Amino acid sequence: MKTEGTIILDEVGVKRALTRIAHEILEKNKGGKGLVLVGIWTGGVYLARELSRKLEEIEGETVPVGAVDITPYRDDLKVKGERPPTGKTEIPFSVEDKKVVLVDDVLFTGRTIRAAMDALMDHGRPACIQLAVLIDRGHRELPIRSDFVGRNVPTSLKESITVNFDAENRPLDVTLRK
């Protein structure tokens with residue numbers, strides 16, 4: 001679904017960013033051995049699948065992909081009292097002693113990542129957790145940073161960033177709305 005706004009990263013730019021992130025992941029982890037990707041619903045899951053394809057193209061081995069739903073771990077639900085629809089956590093492999101790369105589309109306050117780490121720890125104790133995001137827009141409320149970033153985009157709190165995906169859940173572009 002396409003969002004109106006200024007395109008800040010087109011389809012070619014998104015592909016380049018994901019390819020660079022894939023190379024950086026392999027370099028930091030000295031290959032794909034013991035590596036798994038866990039995407040955060042929804043955009044992070046789609047990007048994790050893309051990264052897995054790119055890692056396989058580069059390294060020649062499949063990197064497993066899982067999905068985590070952070071809804072039960074969000075810290076704002078107690079305040080607002082609302083229950084948004086939940087996705088489904090699907091981690092079809094053990095995270096025990098694995099190098100887990102959490103994947104999300106946009107890093108903002110850090111609260112989503114905190115919730116994802118809590119959810120992930122309910123599935124075992126990874127050797128390490130790394131974070132890959134397509135866009136880092138700043139405004140952190142928690143001491144969380146990304147290990148792999150497609151693009152840093154300083155924004156105001158009034159602006160929003162959306163990663164747009166096609167009907168097959170492949171990233172199209174990134175838009176900024178003021």
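This is a predicted model: local features need pLDDT of at least 70, side-chain atom pairs count only at pLDDT 80 or more; totals for chains, interfaces and linings use all residues.
Residues are numbered from 1 along each chain as its sequence is written. Local features need pLDDT of at least 70, side-chain atom pairs count only at pLDDT 80 or more, and totals for chains, interfaces and linings use all residues, while side-chain values use heavy atoms, without hydrogens and water.

**Stop 1: the cavity**

Select L18, I21, L47, L51, V103, D104, A132, V133 and L134. They line the largest cavity. A cavity is a set of points on a 1 Å grid over the protein atoms alone where a 1.4 Å probe fits but cannot get out; lining residues have an atom within 4 Å of a point. The volume of this cavity is about 40 Å³. Now colour helix 1 (11-28), helix 2 (43-59), strand 4 (99-107) and strand 5 (128-136): each gives two or more residues to the lining. Strand 5 gives the largest share, three residues. By type, the lining has eight nonpolar residues, no polar ones and one charged.

**Stop 2: the largest core**

Next, select L134 and V174. In the largest nonpolar core, of 30 residues, these two touch the most other members. Such a core joins buried Ala, Val, Leu, Ile, Met, Phe, Trp, Tyr and Cys residues through side-chain atoms within 4.5 Å; buried means under 20% relative accessible area (1.4 Å probe, protein chains only). Helix 1 gives the most to this core, seven residues.

Stay on V174. Leaving out residues up to four places away in sequence, its contacts (heavy atoms within 4.5 Å) include I7, L9, V14, L134 and V163.

**Stop 3: the second core**

Finally, select I113, L131, V133 and V149. They are among the 20 residues of a second, separate core.

How values were computed:
On a 1 Å grid over the protein atoms alone, a cavity is a set of points where a 1.4 Å probe fits but cannot get out, and a pocket is an open set with protein on both sides within 12 Å along at least five of seven lines; lining residues have an atom within 4 Å of a point. Grid points are joined across faces, edges and corners, and a volume is the space filled by probe spheres set on the points. Helices (H or I, at least four residues) and strands (E, at least two) are DSSP runs, numbered from the N terminus. Ala, Val, Leu, Ile, Met, Phe, Trp, Tyr, Cys and Pro count as nonpolar, Asp, Glu, Lys and Arg as charged, and the others, Gly among them, as polar. Buried means under 20% relative accessible area, exposed over 50%, partly exposed in between (1.4 Å probe, protein chains only).
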